Amino acid sequence: MLPRDHPRYASLKQRDALVEGVREGVTVLQGLIAHGRGEAFDYLLGERTVVPALRAIEASVALMLVVSDPVVSVNGNTAVLCPRELVELSDVLGAKLEVNLFYRSSERAEKIEAVLKKHGAEKVYGVSPSEEIVGLSSERRKVDRDGIFSGDVVLVPLEDGDRTEALVKSGKKVVAIDLNPLSRTSKTATITIMDNVVRAVPTMIEIASEYKDKSRDDLQKIVDGFDNKVNLEECLRVILERLKTQ
Ligand code: PTJ
């Protein structure tokens, strides 16, 4: 039992959720390693949502509200770290939810669908994929015709660079949530949110509730005012400044 007053309570809770996810067959063991890499970057950030990440969240929400067919991609890590929040985000953005896995099996896809439905999702795409993303050889190529395949913006938390590149090449816009500002995903995505999914997704929900009443013109202005390369440079500067003061 984790003591609630432990200084690393929040971080330890995330680890426990992922370990439980592995026991239930939702998360893969490799997901634990990926999370460890994310934790290291989160530590450098001071485990908080930094200002450039907030700007990226605002631009992402504006983009997902302004387009016609946004999709939220769910993998084995996010299914246990923030399932309720992903369902809520898809509701508030009017986005579809699709299971998309690097280590794909039908059993895992069905388990993730069940987790999302338990948290209120009505429809989950990607359990029986009907199409493939061109130019991608990993299992992530398998997508739903009415989900990612036809979507115009895909939100990809914890991504591998290959799919981001393939999605962008196929003409889609990609919003990545990745704590590593140096990853290929971060550099290739249309918008990169350098933040932990457990903070980024709830913040996206808050901003989406606020932006829902904005006009399309105002939303488009927010999107147009965002430059991912500049934002990533600012993210790196935040890390450097923090290191200097330590
Ligand atoms: O569930 P599956 O089968 O789709 O497999 C999922 C994993 C995560 C194993 C797979 O996508 C993978 O191998 O991912 P990568 O290539 O290791 O990339 C994960 C990226 O996410 C890394 O750049 C990490 O820094 C980052 N990351 C890890 N945990 C978090 C994170 N970013 C945001 N929030 C986190 N909690």
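Predicted model: local features only at pLDDT ≥ 70, side-chain atom pairs only at ≥ 80, totals over all residues.

Modeller: Residues are numbered from 1 along each chain as its sequence is written, and side-chain values use heavy atoms, with hydrogens and water left out.

Colleague: Which residues come nearest to the ligand?

Modeller: A residue counts as near a molecule if one of its heavy atoms lies within 4 Å of it. There are 24 residues around the ligand, and those that come nearest are Gly76, Phe102, Tyr103, Arg108 and Arg140.

Colleague: How do the residues of the shell divide into nonpolar, polar and charged?

Modeller: Ala, Val, Leu, Ile, Met, Phe, Trp, Tyr, Cys and Pro count as nonpolar, Asp, Glu, Lys and Arg as charged, and the others, Gly among them, as polar. On that basis, the shell around the ligand holds 10 nonpolar, 8 polar and 6 charged residues.

Colleague: Which helix gives the most residues to the shell around the ligand?

Modeller: Helices (H or I, at least four residues) and strands (E, at least two) are DSSP runs, numbered from the N terminus. With 6 residues in the shell, the one that gives the most is helix H2 (residues 29-45).

Colleague: How far is an oxygen atom of the ligand from the side chain of Asp178?

Modeller: A polar contact is a pair of N or O atoms within 3.5 Å. A backbone N or O atom of Tyr103 lies 2.8 Å from a ligand oxygen atom, and a polar backbone atom of Glu159 lies 3.3 Å from one. For an N or O atom in the side chain of Asp178, the distance to a ligand oxygen atom is 2.9 Å.

Colleague: What is the order of the strands in the open sheet?

Modeller: Two strands pair if DSSP finds at least two bridges between them. The open sheet has 6 strands with parallel pairing, in the order S3-S2-S1-S6-S7-S8.

Colleague: Which strands are the edge strands?

Modeller: An edge strand here pairs on one side only. The two are strand S3 (124-125) and strand S8 (191-193).

Colleague: Which residue in S7 is the bridge partner of Val153?

Modeller: Strand S6 (residues 153-157) and strand S7 (residues 173-177) run parallel and are joined by 5 bridges. In S7, Val153 has as its bridge partner Lys173.

How values were computed: Polar contact = N/O pair within 3.5 Å; in protein donor to acceptor, adjacent residues only side chain to side chain.
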